[in-house]
Structures are given as C-alpha cells and as structure tokens.
Amino acid sequence: MKPIRELNPQFLESKENKQHLIDYLLGVADNYLILAQRLGELCGHGPNLEPDIAITNISLDLLGQVRSFYQYISQIKGDGSTEDDIAFLRKEREYRSVLLVQQPNTDFAYVIARQFFFDVFNKMFLNALQQSADETLRALAFKGIKEASYHERFSGDWLKRLGDGTEESHDKAQKAVNDLWVFTDELFQVNESDSAMIDAGVAPDMLQLREYYYEKVENLLTEATLEVPEVPYFQKGGKNGLHSEYMGYILAEMQYMQRTYPNSKW
Amino acid sequence: MSEAEIKSLEAQFEAKIANDEKIEPKDWMPEKYRKTHIRQISQHAHSEIVGMLPEGNWITRAPSLRRKAALLAKVQDEAGHGLYLYSACETLGISREELYNQLHTGAAKYSSIFNYPTLTWADMGAIGWLVDGAAIINQVPLCSTSYGPYARAMVRVCKEESFHQRQGYEIMLSLCNGTEEQKQMAQDALNRWWWPSLMMLGPEDKDSVHTEQSMKWKLKRKTNDELRQQFIDQTVPQADILGLTIPDPELKWNEEKGGYDFGPIDWDEFWQVVKGHGPMNKKRLDDRRNAWEKGKWVRDAAMAYAQKQNERKNKQAI
Ligand SMILES: [Fe+2]
Ligand SMILES: [Fe+2]
Ligand SMILES: [Fe+2]
C-alpha cells in the first residue's frame, strides 16, 4: 500500500510534534501491553491445551508489537530511556490504554469477547496504518497485520462456538458481550495528539472506520446467534489516563520487580 | 491365540527391539509393554503441563519485556510438549480425557519437582538451568527408545529443552553479573532447587523398581545413579562460572572415579513429596482440576457447535 504522503523530514524537529507522536504511539502500544499482560495471566489455565497455546500465542504477538513500538518511542525520545523504562516505570495516569483491555479474565467468554472487540479494531487499524506517512509505522503495520488477522479469526471463531454452542455457553457469551460492549467506543476516541497525527498523515483517521467496525462486529454477533447490545452510553477514560480500578493492580504486579530492584539489569 | 502363537509373537517383538527397530502403534505388543508405556508417557505428559504452573506464576511479574516474552514462550513450549506426549500416549489406545482423569484423581504421577514453590525471579533461572537440565539428561536417551511415537516426540522435545536450559542459565548469568542483591537471589534459588533436582533423576538404583525391564525396552539406557552422576559432573563447573556455591559441603572432586562425590540425599523428603505432602502438591493439582472443570462448558460448546456445523453441511449436501 502506498503512503498518503511522506513525512516532512523536519517534522520531528518540532518539540510539539515529537510529543504528540510519542503520546499517539503510547495510545496504540499501551493497549497491546495491557492486553498481553491480561492474556499472560491465563497461561497454563486454559480450558484445554490447544486454546491455552493459542491464547499464549496472541499474548506473545502483542508483546512483540509492544516492544517494537516502545523501541521506536525510545528512539524518538532519544534520551536513553529503554523499552522497559516505558513499560514498567510510568505512573498509572501516564498509561494510555483503553478500559476494554484492562477488563479482567472473568471467564473464557469474557476473554474471547474482549479479544474479539479488540482484534476487529486492531486489524482495521493496522491495515490503515500501512498508509502512514511514517516509514517505521508502515513497517510495523505490515509486520503486524498477519498476526492481527489470525487473532481476529481465532476470537471470532470462538465467539461463534460459544454463542451458537450450548445454552449455557450462549448465555455466558451474551453476558460477556453485554458487559464489554460499553468499552468498545473508546477505541475510536480521538485526543489532541491523535488529531495532530491524523493531520500529519501519520495516523489513520479511525473515526471514519467506526461504522464499518460496528457493522463487522454486529454481523459476527448475529452469526453467533447473539444479540447486539443496546446501550445508551459508552465508558471512556483509559486513553486519557483515567483508568478502571483494575489498572492499579495490573501495574502493581507488572512493575513489581522493576520497582523493588531499581536500576538492575535482568 | 494359542500359547505357541503368542510365544512366537513375543520372540519377534523382542528381536525387533534388540535390532533397534521401532515398535509402531499397529504392531503387536505385549500387554505389559503397552501398560508400562502408557504409564511412563502419560507421567511425562502430566509433568509437562503441571510444570507450566510454577513458571506461569512469574509471567505477569517478569522484570523486563524480553524476559516476559521468553518466559511465555517457554511455558508455551511445555504445553506443546504435553500435547505431543498425550498424542503419543493416545496411540496406545487411551484417550486424553482418561489420562487427565488419572492425573486429577491422583492415580497418575507427575515429576515431584513441580511441587516446590517459585518464590523469586531467580527461580525462573534455576528451573531452566537445573530442572530442564536434569530433564534433558533423563530424556536424551529416550530419543532412541523402542516405541516409535514416543521416540519421535522426544526428539522434538529435547531440542526445545536444551534451549530452555540455556535460557535459564542465561537468566542466572545476568543475576550473577548484577547487583549483590541479584546475586543473593540467584544463590538462594540454587540452594532451594539443587537437591530436588538431584531427586528428579529418580530413586537410587538399589531402591528402583522398574529399571531392569525398562532397560530391555530402551525406556532407560543408564541407571538413575549414573544419570545423577552425569548431571552433577556437568552442573558443578557451570555453577563455578556463575560464582555460585552448590549447597553441599561434601561435594568434592574424586580424581579416581573422574567425577564428583556428593553428600547424602534426603530421600525421606523425596518420598514425602511423592506421597503428596510437598509444599505445592495440593495447589498444583487444584489448579489443574480447576482449569479442567471450569473449561467444561467451553469444551461442550465447541463440541455442540461442531455438531451443528456438521448437520448443516449434511443438510446442504442433500
Ligand atoms: Fe518440556
Ligand atoms: Fe520434559
Ligand atoms: Fe522445558
């Protein structure tokens, strides 16, 4: 895919642009990090070996993406901070992950519904990002798209199995879909840094794809014999650093070693 | 079948093994051979998946992204090993469901080492280095064992286990090159995992029940005591490079035998853990049972869905 335009080489010389780009990238990569962390909790506890292995795979793919994005951020920052500093040493309010990915592994239906809602978005996002004016991001998008398609197929197939499986699985899947639905809209939230990056041609304008997202999700829910929830409101906050109550615990666990043994190499 | 026919089948079977030919699932085999293999292969498979738990305990707390990814990949490899081994076991005419049932009811055993807790990050290093290390010593000879599906599974498994061992050793190396606190963490892990790792190579020859028959079927090529000696001789120099002390005051090079002498192993502790009294026996089994029981509705859903899909396909065909 061809980029819309090439980025002006002077673009990052502006301090403001640089900060916007960093914020924008955190908004993308923090989702991968927190979701990978959530999926990592499940390793060894799956309903069977095959889905256990597949979920670990997704976690690994996301971790791979996180690392590439954070490495890129540290390169832009140019202040010697590493991918691990970015991952482990920020305060809660500095993380940009959406509420959806923080939601707990209540049961397998929640794991799958959360994954599916994220995967559909992520695949559309990476697809569009292949046209970024930023060369590194184009490469990252290109690298990630195959994995993202596989993830979407995995979670979509499982959602169909659960929705159209037994009565029990149908009810559990419906409950998970209902509970998580309110977090889907935040994926499309545009903040100041996003706008700046959209204007610069670095970021795709995901808002334009919002309708297509819901169409895709709703089609699959229907195929899975599940009802599309009707909610009068959506929940937001994580992307602006206002997280769920789960987030502090996720970070406490994730940051434990780095906080307890500062300045150590592992 | 007449007794003479069975005798002749048995003779052919033994000749095949003596000739280093593989026994395949469709071949005739004595009942005892089948049973022994189901026991050993399933025990091995159970060890792989129970073994995911102690290391899984540190995935969410791994100290760097690189270590987190490597640990996830390692634990996932163990799941893969479980999968190949259950499949190999199924070729002997037993279902995975039945095998799980044996694990969950305590009828089948798994490696006792996994009944110890993982208390610090250094345990991820010590387990890779020592536990995967001891596993390799146990398992390399099985790559040429007589039962074809088991031998082939072991070839794949062993390759990955040596990678795990190097990875574990590398974690230890980072700790030992790190701060004083990190080095202490590494020493503490070695102190806790050393003796259980020696026990992993099995009871002493004089107390080992299965050895003779297993030697004949190439389920074993060296005795437990020989394997243990090999493990110690290989590991002590590695500890020296790390600058760590093996927690055995009686450990001493014996020029004459060309190996290390070592202090007495607390076999009482070993048998206590085998009997289920180790610090983590209950938790490990509870975790496995829980995952299985809580997953039932998911497996049922997958089955029901597959059935519906099949029916739909058949209807379309008509
Ligand atoms: Fe293994
Ligand atoms: Fe193993
Ligand atoms: Fe291993």
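Student: Which residues form one aromatic cluster with Trp181(A)?

Tutor: Keep in mind that this is a predicted model. Trp181(A) belongs to one aromatic cluster in chain A.

Student: What kind of pair do the rings of Trp58(B) and Trp121(B) form?

Tutor: There are 27 aromatic pairs over all chains. In this one the ring centres lie 6.5 Å apart and the planes stand at 65 degrees. Planes over 60 degrees apart count as edge-to-face. So the pair of Trp58(B) and Trp121(B) is edge-to-face.

Student: How many residues apart are Trp58(B) and Trp121(B)?

Tutor: Trp58(B) sits in the loop between helix H3 and helix H4 of chain B. Trp121(B) sits in the loop between helix H5 and helix H6. The pair links distant parts of the chain, and the separation is 63 residues.

Student: Is Trp58(B) buried or exposed?

Tutor: Buried means under 20% relative accessible area. Trp58(B) has 1% relative accessibility, so the residue counts as buried.

Student: Which charged residue sits over the ring of Trp58(B)?

Tutor: Look for a charged end above the ring. One lies 3.7 Å from the ring centre. It belongs to Arg61(B).

Student: Which helices does the pair of Tyr86(B) and Tyr100(B) tie together?

Tutor: The two rings are edge-to-face, 5.2 Å centre to centre, with 65 degrees between the planes. The residues are 14 apart in sequence. Tyr86(B) lies in one helix and Tyr100(B) in another, so the pair ties together H4 and H5 of chain B.

Student: Which residues coordinate the iron ion (ligand 3)?

Tutor: The donor atoms lie at 1.9 to 2.2 Å. Along the chain they follow the spacing E-x53-D-x28-E-x2-H. The residues are Glu78(B), Asp132(B), Glu161(B) and His164(B).

Student: What is the geometry at the site of the iron ion (ligand 3)?

Tutor: The angles among its four donor atoms run from 90 to 143 degrees. Four donors count as tetrahedral if all angles lie between 85 and 135 degrees. The site of the iron ion (ligand 3) is irregular.

Student: Which residue bridges the iron ion (ligand 3) and the iron ion (ligand 1)?

Tutor: The two ions lie 3.5 Å apart. One residue bridges them: Glu78(B).

Student: In which helix is Glu161(B), and in which is Asp132(B)?

Tutor: Both residues are buried. They are 29 residues apart and link distant parts of the chain. Glu161(B) is in helix H7 of chain B, and Asp132(B) is in helix H6.

Terms used:
Residues numbered from 1 in each chain as written. Chains lettered and ligands numbered in written order. Predicted model: local features only at pLDDT ≥ 70, side-chain atom pairs only at ≥ 80, totals over all residues. Heavy atoms only, no water. Phe/Tyr/Trp six-rings, centres within 6.5 Å; stacked < 30°, edge-to-face > 60°. Helix = DSSP H or I, 4+ residues; strand = E, 2+ residues; numbered from the N terminus. Buried < 20%, exposed > 50% of the residue type's maximum accessible area, 1.4 Å probe, protein only. Lys NZ or Arg CZ within 6 Å of the ring centre and 35° of its normal. Donors = N, O, S within 2.8 Å, 3.2 Å for Na, K, Ca; no water. Tetrahedral: all angles 85-135°; square planar, octahedral: opposite > 155°, others 65-115°.
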